[in-house]
Every structure is written in structure tokens, then in C-alpha cells.
Amino acid sequence: MKSTPLSLIAGVVALAAVTGFAALAVPGDDGATEAKAAARLPVERSSLLCPAPSTSDLAETTYTSFTPAAKDGPKDGTAELKAAEALTADEDEPADGKTGDADDKVDADDKKKTEADDKEKAADSKPVVSLKDLGKPVTAETSKSGAPALVGTATDRFAPGWTTQQTTTAAAGGARGLLGVSCTAPDTDFWFPGASTGASRQDYVHLTNPDDTAAVADIELYGAEGPLKSDVGEGITVPARSSVPLLISTLTGEAAENVTVHVTTRSGRVGAVVSAAEDEVGSDWLAASADPAGTQILPGIPADATSVRLVAFAPGEDDADVKVQLLGKNGTFSPAGNDTLHIKSQMTASVDLKNVTRGEPGSLRLTPTDGSRTPVVAALRVVRGTGAKQEVAFIPATGPVGERATVADNRAKGSVLSLTAPGKTAKVKVTASAGSEGGEAAVKTYTVKGGTTLEVTPEAPAGLKGGYALTVETESGGPVHAARTLTIPEGGIDMFTVQTLQDDGGTVEVPEAEQDLSVLDD
């Protein structure tokens with residue numbers, strides 16, 4: 001038997017660190033080697049996709065990129081976000097190395113134009129955001145109308161826990177509002193309850209492809225009566241390293257106030273997020289719901305919410321009956337008259353909970369009433385203010401913070417963190433990072449009583465200059481779900497956006513082989 005080199009083992013470990021999965025078979029064995037104990041290793045590569053921010057001339061966008069500090073790990077690495085449509089120098093060159101002119105001649109004007117185009121492409125290919133240090137965010141800003149989507153990769157020391165926040169302030173116009181989104185990892189399946197094809201909404205689903213080959217996606221729409229007929233939602237091509245925004249109302253001839261959007265890919269992978277603009281109310285990003293599950297948690301409803309609408313969908317063949325509970329400041333209760341919700345299979349259900357929080361922060365918990373645990377997805381449409389001073393945001397169902405979760409782009413004023421423990425009491429550590437332009441990190445521990453929501457104003461870094469990131473780590477007790485609300489006053493309106501925090505997946509389990517394969521000889 002030939003010896004198995006150490007590089008094979010290293011390759012398997014690297015594969016697991018990148019993908020979260022790897023299997024190693026022993027030569028001559030019928031199956032994979034049994035694992036002794038799973039060691040947790042930091043991931044070595046992470047990808048993020050940021051949608052095109054706005055087409056408005058009045059919009060200003062801030063990107064904030066961050067990777068938490070680490071005691072150990074590799075010393076090298078990069079974390080960069082670039083324009084999605086940027087081409088590499090090799091892609092710009094003709095295959096034969098010539099100019100491509102039929103007569104192989106280019107006049108002076110053509111040369112100048114070519115040089116100008118080359119400079120523009122070279123500028124576009126430069127990183128928009130590039131991290132330099134762990135534990136310290138980096139920001140970039142643009143007010144460019146039609147700014148592109150961004151595609152990014154972090155490697156080695158910058159990969160574990162890498163996050164980027166995109167925050168756009170649109171002071172006026174039909175898309176007026178504060179639009180915030182945590183840039184997403186590419187995937188093949190997304191659920192968006194809470195979208196709309198109604199006359200008062202202009203919702204776009206943004207599909208961004210990070211890879212070097214085209215992706216093909218399908219979009220399904222579901223209203224209150226079931227699937228919405230669509231002849232153009234199938235086989236949507238998303239070219240390599242590019243982004244495609246699609247107006248949802250053009251995918252169907254049916255108008256529906258509450259719609260669930262389902263995005264899947266036939267080939268390739270994409271990042272997907274929905275931008276929602278509502279006449280006379282405002283606009284924000286709607287991020288994907290957590291995967292279908294029997295129990296869903298929607299954290300971070302502001303205390304002063306004037307209108308809360310729950311939108312839920314059961315994607316399976318069975319109907320779902322869920323118990324609706326608010327996890328408030330001091331305990332758990334069911335909203336009067338809305339303690340349960342029946343969700344028919346393949347139909348979008350909704351219920352207006354009005355000002356359900358009544359001056360206290362809260363989170364919503366959906367649990368099955370009949371023990372069937374029929375999986376559902378869900379999101380909240382939340383409005384603050386009244387009349388001409390209304391502003392809207394969306395809160396999707398989200399998983400727990402787990403070992404660690406981070407949200408970037410926090411300001412000296414306007415950031416509020418909501419922590420909810422749907423089960424047992426839990427203790428979490430919250431770290432406010434150093435500022436992007438200066439300051440020292442601050443750490444504080446909070447205890448979240450089971451069945452409640454704790455709202456805190458984070459302790460800002462000492463000597464803060466610029467923006468900072470918030471990292472939440474579970475220290476003990478049950479699972480904790482979290483959301484950050486960022487509020488920025490503009491024109492007499494408290495514009496706000498809510499981002500949920502999920503486990504950053506900064507480490508993966510890598511099984512240890514029972515045999516030392518490096519000593520297997522002939």
C-alpha cells in the first residue's frame with residue numbers, strides 16, 4: 001500500500017474550513033473513516049454580495065466592512081469588495097492580443113477613447129472596500145447614481161466572521177428612507193415573505209452572481225390565494241459577476257398586497273435581497289427569512305412601532321397553525337385577538353398586529369399549536385411615526401446568534417440592540433469595536449431573562465471616531481436572537497432600519513481521522 005501524504009489530510013481540512021463539509025476515505029476502506037471528535041477550525045474563505053444601492057441622485061450610501069479580532073490564526077489574508085460588473089484586464093484583452101480593428105489600425109481619437117475606457121475599467125476593478133486590520137471597521141461612501149452591486153471575498157485571517165453593512169440614506173423621492181442591509185453570502189434558496197405587487201409598492205428582487213459562470217434562477221410568487229401566475233419568472237440568467245434587479249410586479253399580472261417570493265437557482269448561486277418602496281411611507285431592504293421551520297423568532301420590534309404586520313407562509317403540503325406570542329420587556333403574552341394564525345399550504349397569510357408593543361420593546365415568537373411542526377417562513381413590516389412622518393422597515397425571522405454574530409455600521413447616536421431569549425435565561429457578551437477612525441473597544445455583559453426581550457443602548461467605544469461594529473457572543477444559557485435598529489433623523493422624520501444578527505459561521509467542525517494516514521506504508 002502506498003503512503004498517503006500529509007497534503008491530502010491538509011487538503012481535506014482546508015476543504016472543510018472553506019465549505020463546512022469534507023469527507024476523507026481511507027484507502028482500501030469501504031466507507032469514510034469514522035471521526036473521533038470534531039475539532040472547530042476557523043474558516044479560510046468567506047464571500048459577501050452587496051446589492052446595487054440606489055438609482056437616486058439624492059441617495060448617499062455607506063459601506064462598513066469588519067472582521068472581529070482573533071487571538072490566534074493565520075497572519076495573512078485579504079478582505080475586499082469590488083464592483084460586480086468590473087472586468088479583469090485579461091477579459092478586456094482580445095484573444096489574439098490585437099486591437100480587433102478590421103484593418104488593424106486605430107486612429108488617434110479611438111486610441112484616446114480606448115485609453116479613457118481602460119482607465120475607467122481599471123478604477124472600477126479597484127476595491128471599493130478593503131480591510132486592513134482585525135477588530136477595526138473600514139468605511140467607504142458613494143453618492144453616485146446607479147452605483148453597482150459589490151462582490152467580495154475574505155481569506156485567511158479576515159474570513160472568520162467577516163461582515164459588511166450597506167446603509168443608504170435617501171432624503172427625498174419615491175424611495176425616501178433609510179435602507180440598511182447586511183451583505184449576504186451566496187446561496188441557492190431564499191424566502192421573502194413580506195414583499196408586495198400592490199399599486200402602492202415598488203419592490204425589486206436583486207440577484208447578484210459572484211462566480212465566473214452564469215447562474216440561472218427561478219422566482220415563484222405566492223399571494224393570499226396561492227401561487228401568482230407568472231410566465232417570466234423561470235430561467236432568469238444572471239451573468240457572471242453581475243447583478244440583475246427585477247421589478248416583482250412585472251413578473252405577474254396579479255396585484256397582491258402581501259406576497260411571498262421564493263428564489264431558487266437551477267445552476268450556480270446568487271445573493272438575493274428585496275428592496276421595498278412604499279408610497280408615502282418609506283423604503284428599506286427586506287432580507288431573506290430563516291429557512292422554513294416549525295418555530296420562528298422575529299426579534300427587535302421597536303417600542304414606538306405604530307403598525308406591525310406579520311406575514312407568514314407554509315411552503316409544504318400541509319397547513320400550519322401557529323401560536324403568536326410577543327416576548328416583551330417583562331414576559332411573554334399573546335396579542336389580544338391574534339393569539340393564533342392559520343396558514344394554508346402554499347398561501348401567504350398576514351395579520352395586522354397594530355401597535356402591539358405598546359411602548360415597550362418586543363420580539364415575536366411563532367410556535368406550532370398542534371405539535372405537527374409544519375415549517376413556515378415569516379417576516380414583519382414595521383412602521384414608526386404617523387402621517388407624513390411615517391417610516392417603514394422589515395424584520396425577517398432569524399436564527400440565534402450562536403457562538404458569535406456581528407452587525408457593522410453603528411453610530412455614536414442612534415444604535416439600539418435588542419436581545420431576546422425565547423427559552424432559557426442567557427448571558428451574552430457584547431463588544432463594541434474600535435471606531436473606523438479611532439477609539440478603543442468596549443465590552444459589556446448582559447443577562448437576558450428567558451421569555452423576554454432586553455433592549456440596550458450599546459456602550460460606545462472610548463474616544464469613538466467614525467462608525468463601529470457590535471459583536472454578540474453567547475456565554476451561557478439558552479439561545480439568544482438579536483437585532484440592531486439604526487435611527488437617523490432626516491427632515492423631521494426618524495428614519496430607521498433593522499438588521500438581524502445570525503451566527504457568523506466563523507468556525508466549522510472538522511472530524512479527526514481515527515488513523516494517522518501519514519504512516520500508512522506499503
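## Strands and salt bridges in a predicted model

Phe192 stands opposite Val261 in β16, and that pairing is a handy place to start looking around. This is a predicted model, in which local features need pLDDT of at least 70 and side-chain atom pairs count only at pLDDT 80 or more, while totals for chains, interfaces and linings use all residues. Residues are numbered from 1 along each chain as its sequence is written, and side-chain values use heavy atoms, with hydrogens and water left out.

**The protein overall**

- The protein has 3 helices and 38 strands; both are DSSP runs numbered from the N terminus, with helices being H or I of at least four residues and strands being E of at least two.
- Of the 522 residues in the protein, 48% are buried; buried means under 20% relative accessible area, exposed means over 50%, and partly exposed lies in between (1.4 Å probe, protein chains only).
- The accessible surface of the protein is about 23,700 Å², and carbon and sulfur atoms account for 48% of that surface (Shrake-Rupley method with a 1.4 Å probe; for residues, only the protein chains shown count as cover).
- Among contacts between residues at least 6 apart in sequence, 82% join residues at least 24 apart, where contact means heavy atoms within 4.5 Å.

**Strands around β16**

- Strand β10 (residues 189-195) runs antiparallel to strand β16 (residues 259-267), and 6 bridges join them; two strands pair if DSSP finds at least two bridges between them.
- Strand β12 (residues 215-223) is also antiparallel to β16, with 7 bridges between them.
- Val261 in β16 is the bridge partner of Leu221, and Val261 also stands opposite Phe192.

**An open sheet of 4 strands**

- Strands of a sheet pair through backbone hydrogen bonds, either parallel or antiparallel.
- An open sheet here has the strand order β2-β7-β4-β5, with antiparallel pairing.
- Its edge strands are β2 (45-50) and β5 (129-130), each of which pairs on one side only.
- β2 is mostly covered, with 5 of its 6 residues buried.
- Between β2 and strand β7 (residues 150-155) there are 6 bridges in an antiparallel arrangement, and Leu49 has Val151 in β7 as its bridge partner.
- Strand β4 (residues 79-83) is joined to β5 by 2 bridges, again antiparallel, and Leu81 has Val129 in β5 as its bridge partner.

**Salt bridges**

- A search of the whole structure finds 13 salt bridges, each defined as a side-chain nitrogen of Lys or Arg within 4 Å of a carboxyl oxygen of Asp or Glu.
- One of them joins the side chains of Arg266 and Asp218 at 2.9 Å, N to O. Arg266 lies in strand β16 and Asp218 in strand β12, so the pair ties together parts that are 48 residues apart in sequence.
- Arg266 is exposed at a relative accessible area of 53%, whereas Asp218 is buried at 15% relative accessibility.
- In the salt bridge between Glu278 and Arg381, the closest N and O atoms are 3.0 Å apart. This pair links Glu278 in strand β17 (residues 271-278) with Arg381 in strand β26 (residues 377-384), 103 residues apart, and both Glu278 and Arg381 are buried.
- Asp352 and Arg309 meet through their side chains in a salt bridge of 3.2 Å, N to O. Asp352 sits in strand β24 (residues 348-354) and Arg309 in strand β20 (residues 305-313), 43 residues apart.
- Asp352 is partly exposed at 44% relative accessibility, while Arg309 is buried with a relative accessible area of 10%.
- Arg40, Glu403 and Glu509 are linked in a network of salt bridges.
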